[in-house]
Amino acid sequence: MIVISIECSHKRGMGHFYRAMNILQYLRERGEGAVIVLNDDQTAIQILKNASVPFEIADYSDITTNWEKNIIHKYKADVWLLDRFETGAELARHVKNEGAILAAIDDCGEGADYVDLHFCAMLFHNLRGKLIYSGKEFMVLNPEIARYRRQRTVLNKILVTLGGSDTYGVTVKVVKILKEKGLKADIVTGPNFQHNAALNQEAGEGFKVYASVPSLIETFFEYDLAITGGGVTCFEANASGLPCIIIANEIHEIENAQYIAGYGGSKFAGYYKDISKDSLDIRNINVERMSAAALSAFTLDGMKNIYYVIEGCRKHYAG
């Protein structure tokens, strides 16, 4: 049994949540039991309930009662997988004290010092843990991408999608810039998006707004260019063959955006506070070349590679 420990909110966004759902799907296909542990975010909890996914609500600010022990014993978990970005040392120590294998994905918190396995596909500095596995071959992407990959050749339709929450309302700023440039686009907002009034006021004719589409990956198929944030979405878009213009919504996303742009399938427009009319340069986009580069850069084997390592660690501990 594997515990997948995540955190999501309007401020934190929904990227870790959706990655957890992809991890869960893979584990179920392998016949592996799993439970999601998350903070009390009602949007995410409702999605889990609707999907009949087992979950536990945790107060991550509670570093003294050792609630982690109760979860490990309740589910007889032997692996605890952290996907919280910044895990504290106390949580990590509590898990290790119960004899569970502690794994992490791109964690820059103090807890990373205690992990047995650290998978770093989107973390580039100060990598910590007993065993570190870095590189895009450990990136967890939505397996649905396999059904909707295609090569783009011309630029007809633009999509704007800036995360499950878009904490700072960057979508509104992007729509304003596109209008100034005489461009049209469709917009997909996420379940934690809280800027609807401002967006509806700004978006007029030429901008269709879709809230929480059933499948963002399937939606990608209809478009030739996406304006995204610097989290997992831009990687999944590129893996689908969809070129991106990336806006970093958080400081740590700047390096992600620069990294993926290096493969040729994306262009980095800058940090959200700094973007302007000149930042979103659509005129010099070579969609065909960018799409081909994106398709060749990313595979869908990340979770398979992670699970292979976890299984090896289990065998080592059992031996």
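A residue counts as exposed when its relative accessible area is over 50%, as buried when that area is under 20%, and as partly exposed in between. The structure described here is a predicted model. By that cut-off lysine 130, at 59% relative accessibility, is exposed. Its salt-bridge partner is aspartate 116, with 3.3 Å from N to O. Aspartate 116 has a relative accessible area of 3% and is therefore buried.

Strands of a sheet pair through backbone hydrogen bonds, in either a parallel or an antiparallel way. Here seven strands with parallel pairing follow one another in the order E3-E2-E1-E4-E5-E6-E7. The edges are strand E3 (55-57) and strand E7 (131-134); each has a single partner strand, so one side of each lacks a neighbour in the sheet. From one strand to the next, the twist averages 20°.

Within the sheet, strand E1 (residues 2-6) runs parallel to strand E4 (residues 79-83), and five bridges join them.

Alanine 34 is a residue of strand E2. Its relative accessible area is 9%, so alanine 34 is buried. Beyond its neighbours within four places in sequence, alanine 34 contacts Met1, Ile2, Ile4, Leu24, Leu27 and Pro54. Valine 188, by comparison, is 154 residues away from alanine 34 in sequence and 30 Å away in space, C-alpha to C-alpha.

The side chains of glutamate 56 and lysine 74 meet at 2.6 Å, N to O. Glutamate 56 lies in strand E3 and lysine 74 in helix H3 (residues 67-75), 18 residues apart. Which of the two is buried? Glutamate 56 is, because its relative accessibility is 17%, while lysine 74 is exposed at 53%.

In the whole structure there are 13 salt bridges. Another of them joins aspartate 78 to arginine 314, with 2.8 Å from N to O. Aspartate 78 is in the loop between H3 and E4 and arginine 314 is in helix H11 (residues 302-318), so this pair ties together parts that are 236 residues apart in sequence. At 29% relative accessible area, aspartate 78 is partly exposed, and arginine 314 is buried at 14% relative accessibility. Both residues belong to a network of salt bridges that links Glu32, Asp78, Glu311 and Arg314.

Helix H10 (residues 287-297) has a separate pattern of burial. Its buried residues include Val287, Met290, Ser291, Ala293, Ala294 and Ala297. These lie on the same side of H10, because they cover an arc of only 165° around the axis. Arg289 and Ser296 are on the other side of H10 and are exposed. What do the buried residues of H10 pack against? Their packing partners are helix H8 (232-239), strand E12 (244-248) and strand E13 (266-271).

Methods
Residues are numbered from 1 along each chain as its sequence is written. This is a predicted model: local features need pLDDT of at least 70, side-chain atom pairs count only at pLDDT 80 or more; totals for chains, interfaces and linings use all residues. Side-chain values use heavy atoms; hydrogens and water are left out. Two strands pair if DSSP finds at least two bridges between them. Helices (H or I, at least four residues) and strands (E, at least two) are DSSP runs, numbered from the N terminus. Axes are lines fitted to C-alpha atoms, for helices over the stretch in contact, and angles run from 0 to 180 degrees between N-to-C directions. Buried means under 20% relative accessible area, exposed over 50%, partly exposed in between (1.4 Å probe, protein chains only). Contact means heavy atoms within 4.5 Å. The arc is that of the directions from the helix axis to the C-beta atoms. A salt bridge is a side-chain nitrogen of Lys or Arg within 4 Å of a carboxyl oxygen of Asp or Glu.
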